[in-house]
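Hi,

Here is the structure I promised to pass along. Have a look at it below, and then read on for what turned up.

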Amino acid sequence: MNAPFEAAKAIGPDAASEAIPDHEIAVIGLGYIGLPTAAVLATRGWRVCGVDVSQSVIETVNAGRVHIEERDLDGLVREAVASEQLVASLEVPTAHFYMIAVPTPLGADNAPDIASVEAAARAIAPKLLPGACVIVESTSPVGTTESVAEIIAGVRPDLAVPRFGDREGGDIALAYCPERVLPGRIVTELVYNDRVIGGITPDCAGRAAALYHSFVKGDCLVTNARIAETVKLVENSFRDVNIAFANELSMIADAMEIDVWEVIRLANRHPRVNVLQPGPGVGGHCIAVDPWFLVSGAPDKARLIRTAREVNDHKAIHTEERIRKQLRAARYGKAALLGLAFKPDIDDFRESPALEISTSLARDLGERILVVEPFAEQLPDELAGTGAKLVTLDAALREAEIVVVLVDHTAFRHLTPEDLSGHIVYDTRGMLKR
Ligand code: SAJ
């Protein structure tokens with residue numbers, strides 16, 4: 001038995017050692033968070049079973065390969081699977097720790113959809129042994145960890161399931177520990193970021209924290225589940241509100257024909273001002289989504305957070321309108337759209353304003369749209385058949401009259417104003433000013 005296994009036994013009640021679980025840790029959901037977490041834990045000596053509903057994900061991981069692009073993840077998964085510390089399965093095993101890392105998308109009317117978390121809780125419940133610890137990592141509306149506890153209590157009346165506010169622990173522990181890693185830096189940030197660990201009871205928080213102490217080099221900060229759930233939503237809402245300020249400023253500057261980049265550069269020389277960067281809108285699965293989870297908790301009170309979301313969504317419409325105007329003025333000229341990803345240097349096109357803008361333009365003006373995206377081998381489905389073409393940067397500069405920077409990928413950053421002379425340039429990211 002290795003050291004982490006001893007640690008797991010040590011933090012559970014004595015009953016934990018009566019039955020030997022199949023695995024030390026089960027990670028439910030092998031996506032952008034679950035797979036890197038499972039691989040990091042496995043390479044730190046834990047016996048990990050990753051669980052997913054997709055047969056192809058299971059086969060890929062068990063072959064030591066990855067189904068998502070993330071820096072350093074492929075080597076880590078290969079090592080974890082080769083050492084037999086990580087296996088993937090469609091079935092939830094018995095384990096000491098369960099980590100739930102499944103998607104929590106926006107449902108109708110921007111309401112949170114936690115169906116996958118609830119399904120994970122129902123799948124885990126029959127497997128729980130006394131001493132087990134269930135941790136939710138998925139970004140969730142406040143109260144979700146308590147809902148998980150209720151589901152488990154309903155399926156397992158034989159277990160003393162702790163309730164929020166209890167002073168004592170129960171047969172099992174339940175906690176919320178939000179992921180806070182930045183796509184593109186996930187493997188590093190999983191280890192070095194501080195973690196916030198919120199228990200349904202103080203005992204639950206302590207038991208969950210023991211797991212994080214085994215692989216996190218940052219601080220493990222202990223609190224209750226509701227606070228931890230709120231902290232996660234606050235982090236991304238804070239960022240969204242600040243980006244909205246920058247985006248609103250850029251639209252004001254457009255109307256007033258002022259150079260927003262110069263304004264921000266100089267304003268940021270004030271010791272207490274730090275304006276973020278405008279862009280074509282806010283993308284990704286997190287910042288454009290999570291603020292709605294906070295709004296849903298108190299819709300009448302969350303006026304600024306809701307407005308920020310609306311401003312950031314509107315920035316994509318504003319950007320598209322400006323490009324359409326330039327295309328109208330150019331009569332038959334073509335526009336080169338640089339980048340489709342939701343931010344620089346990643347291949348992730350989910351909720352990407354650049355993709356949304358490009359798709360809308362291509363549907364109307366396909367033949368006049370050239371797309372340059374170093375992270376795509378072919379046009380994404382949304383753009384296929386519209387007449388738009390995926391071309392190299394050189395070809396785009398030769399053919400297009402208008403050049404729009406939608407994503408400041410490193411592959412574009414060598415461009416100088418001289419390279420672009422003779423073109424109409426719309427730089428939504430301020431790349432050419434840096
Ligand atoms: N963006 C701007 N201007 C800026 C900064 C960002 O327009 O000044 C845009 C980006 O282009 C992108 C979007 O915002 O479209 C989000 O990008 P990001 O790099 O700020 O954040 P994400 O979505 O990749 O990751 C965020 C992170 N949260 C915070 O920084 C508070 C990460 O730590 C979280 O773990 C992640 O959300 C998550 O999973 O919740």
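Asn110 is partly exposed, as its relative accessible area is 30%. Please keep in mind that this is a predicted model. Asn110 sits in the loop that runs between β4 (95-100) and α5 (115-124). As you know, most residues other than glycine have a negative phi.

Asp345 also deserves a look. Its phi is near 65°, again positive in a residue other than glycine. You will find Asp345 in the loop between β9 (335-338) and α13 (353-365). With a relative accessibility of 34%, Asp345 counts as partly exposed, because partly exposed covers the range between the 20% limit for buried and the 50% limit for exposed.

Now to the second largest pocket. How much space lies in it? The answer is about 370 Å³. Its lining is made up of 17 residues, and those nearest the centre of the pocket are Asp254, Trp261, Arg322, Tyr426 and Asp427. Two or more lining residues come from each of α9 (225-256), α10 (260-267), α12 (303-329) and β13 (424-427). By residue type, the lining of this pocket holds eight nonpolar, two polar and seven charged residues.

If you open the model, you could begin with the loop that holds Asn110, go on to the loop with Asp345, and then turn to Trp261 and Arg322, which are among the residues nearest the centre of the second largest pocket.

Best wishes

Methods:
Residues numbered from 1 in each chain as written. Predicted model: local features only at pLDDT ≥ 70, side-chain atom pairs only at ≥ 80, totals over all residues. Heavy atoms only, no water. Helix = DSSP H or I, 4+ residues; strand = E, 2+ residues; numbered from the N terminus. Buried < 20%, exposed > 50% of the residue type's maximum accessible area, 1.4 Å probe, protein only. 1 Å grid on protein atoms, 1.4 Å probe; cavity = no way out; pocket = protein on both sides within 12 Å on 5 of 7 lines; lining within 4 Å. Points joined across faces, edges and corners; volume = space filled by probe spheres on them. Nonpolar A, V, L, I, M, F, W, Y, C, P; charged D, E, K, R; others polar.
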